[in-house]
Amino acid sequence: MNKKKLLWQIPFLLLLIVGTIVILKKQPPFRTNEGMVFGTIYKITYQHNDDLQNEIKAAMMEVDNSLSPYNPNSIITRINHNEDTVLNEHFLHVFNLAQQISAETEGAFDITVAPLVNAWGFGFKHSIDIDPNVIDSLRQFVGYQKIKLEDGKIVKEDARTMLDCSAIAKGYGVDRVARLLDQKGVQHYMVDIGGEVVLKGKNPRMKTWRIGINKPVEDSLSVNQELQTILEVSDVGMATSGNYRKFYYKDGKRYAHTIDPRVGTPVQHNILSATVIAKDCTTADAYATAFMVMGLEEAKAFCEAHPELHAYFICDGEGDSYEIFATPGMEKWMVKR
């Protein structure tokens, strides 16, 4: 009786298997688009019937035309030149979020830091000879409280105040592409622009996306890909800020590119990199920079007060070793190796 029942079920099992294979074959393919944008490399992997490269590039150019100080016709450039300009949704979103995070971090994050970044040689203008008097002079017109939005326009207390969104714009660029993919109905994707990432759904093997955090090896050419840890994550934004790629030596002293807006000088503490996972990449990008400015103890205290943020810090240790600190929320994504 059991054998007869089994024989009767075999055709249905075969039909189910064949049907599953047909359905899988009809799934859209995964595609990868790569290129250069914002002075860095992008790589976008997504599942869709159509190649969306042109629309993706157009979305990234919207961000460049709004927020790049290297673009002579961008909105931020015209603001820095004190020209009248119409603010679009991209600039307004980033500006408002930047002001909010500046207040929450008590100025550790501040997009008015541009004059100081330029002066130290890491910005969109040539550096100048730095001494304490120069720093004090520049700090007079640096500070998020000295600029505001009124009646749809940016109002400065001092015309010399300039904006630099480099610590948040790349994350926003990632979110802008992710929003485009969402609008196209894409369920599975990874958007990576220069290491700032948004992940959704599954990877091409239909498993959770895996993202590595690089070891903070001095690497100005960005060729080192040795990993410190691996995360399994999805449906989040992630960003890393570090001082191990952008730096220079002068008179035997090392100067890192992260400038503390509160004092006007490059940071000198022992954090080498800060990785943040948040609800979106714009937020993660800004806080990763803020934590690099704060230093470990201040950043740890901030994370404890903001459990919605998850962070992973790599710090200088003894000799060639590193000291690691991860928030409880971050630990759940770390792959055991």
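Which residues is Phe109 in contact with, leaving aside its neighbours within four places in sequence? In this predicted model, Phe109 is in contact with Ala98, Ile101, Ser102, Ala167, Ile168, Ala286, Thr289 and Ala290, once those neighbours are set aside. The protein has 337 residues, of which 49% count as buried, and its secondary structure comes to 10 helices and 16 strands.

**The protein as a whole**

- The accessible surface of the protein comes to about 17,600 Å², and carbon and sulfur atoms account for 52% of that area.
- When contacts between residues at least 6 apart in sequence are considered, 59% of them join residues that are at least 24 apart.

**Nonpolar cores**

- In soluble globular proteins, nonpolar side chains tend to be buried together.
- The largest nonpolar core holds 44 residues, and the members that touch the most other members are Leu67, Phe91, Phe109, Cys165, Ile168, Phe291 and Phe313.
- Two or more residues of this core come from each of helix H2 (53-67), helix H3 (75-80), helix H4 (89-104), helix H7 (166-183), strand S14 (271-278), helix H8 (281-294), helix H9 (296-305) and strand S15 (310-316).
- Helix H8 supplies the largest share of this core, with 9 residues.
- There is also a second, separate core of 19 residues, and its members include Tyr46, Ile56, Val191 and Cys281.

**Cysteines**

- The count of disulfides, taken as pairs of cysteine sulfur atoms within 2.5 Å, comes to 0.
- Cys165 counts as buried because its relative accessibility is 1%, which is under the 20% limit for that class.
- Cys303 also falls in the buried class, because its relative accessibility is 6%.

**The open sheet and the helices packed on it**

- An open sheet is formed by 8 strands in the order S1-S2-S5-S6-S9-S14-S15-S16, and the pairing is antiparallel.
- Strand S1 and strand S16 (322-326) stand at the edges with a single partner strand each, so one side of each is left without a neighbour in the sheet.
- From one strand to the next, the twist of this sheet averages 10°.
- Within the sheet, strand S6 (residues 196-200) and strand S9 (residues 236-242) run antiparallel and are joined by 3 bridges, and Leu199 stands opposite Val236 in S9.
- Helix H7 packs on the sheet, where it touches S2, strand S5 (189-193) and S6, and the direction of H7 makes about 155° with that of S5.
- Helix H9 likewise packs on the sheet, touching S14, S15 and S16, and the direction of H9 makes about 165° with that of S15.

**Met190, a residue of strand S5**

- Met190 lies in strand S5 and is buried, because its relative accessible area is 11%.
- Although Met190 and Tyr46 are 144 residues apart along the chain, their C-alpha atoms are separated by 6.4 Å.
- Leaving aside neighbours within four places in sequence, the residues in contact with Met190 are Lys43, Ile44, Thr45, Val197, Val198, Leu199, Trp209 and Ile211.

**Leu149, a residue of strand S3**

- Leu149 is found in strand S3 and counts as partly exposed, because its relative accessibility of 32% lies between the 20% and 50% limits.
- The C-alpha atoms of Leu149 and Leu92 are separated by 8.9 Å, while the two residues are 57 residues apart along the chain.
- Not counting residues up to four places away in sequence, Leu149 touches Leu87, Leu92, Phe95, Asn96 and Ile154.

**Two residues with positive phi**

- Most residues other than glycine have a negative phi.
- Phe38 is not a glycine, yet it has a positive phi of about 55°; the place of Phe38 is in the loop between strand S1 (30-37) and strand S2 (40-47).
- Phe38 counts as partly exposed because its relative accessibility is 27%.
- Asp151, another residue other than glycine, has a positive phi near 50°, and the place of Asp151 is in the loop between strand S3 (147-150) and strand S4 (153-156).
- Asp151 is exposed, because its relative accessible area of 83% is over the 50% limit.

Note on methods
Residues are numbered from 1 along each chain as its sequence is written. This is a predicted model: local features need pLDDT of at least 70, side-chain atom pairs count only at pLDDT 80 or more; totals for chains, interfaces and linings use all residues. Side-chain values use heavy atoms; hydrogens and water are left out. Buried means under 20% relative accessible area, exposed over 50%, partly exposed in between (1.4 Å probe, protein chains only). A nonpolar core is a set of buried Ala, Val, Leu, Ile, Met, Phe, Trp, Tyr and Cys residues joined through side-chain atoms within 4.5 Å. Helices (H or I, at least four residues) and strands (E, at least two) are DSSP runs, numbered from the N terminus. Contact means heavy atoms within 4.5 Å. Two strands pair if DSSP finds at least two bridges between them. Axes are lines fitted to C-alpha atoms, for helices over the stretch in contact, and angles run from 0 to 180 degrees between N-to-C directions. Accessible areas come from the Shrake-Rupley method with a 1.4 Å probe; for residues, only the protein chains shown count as cover.
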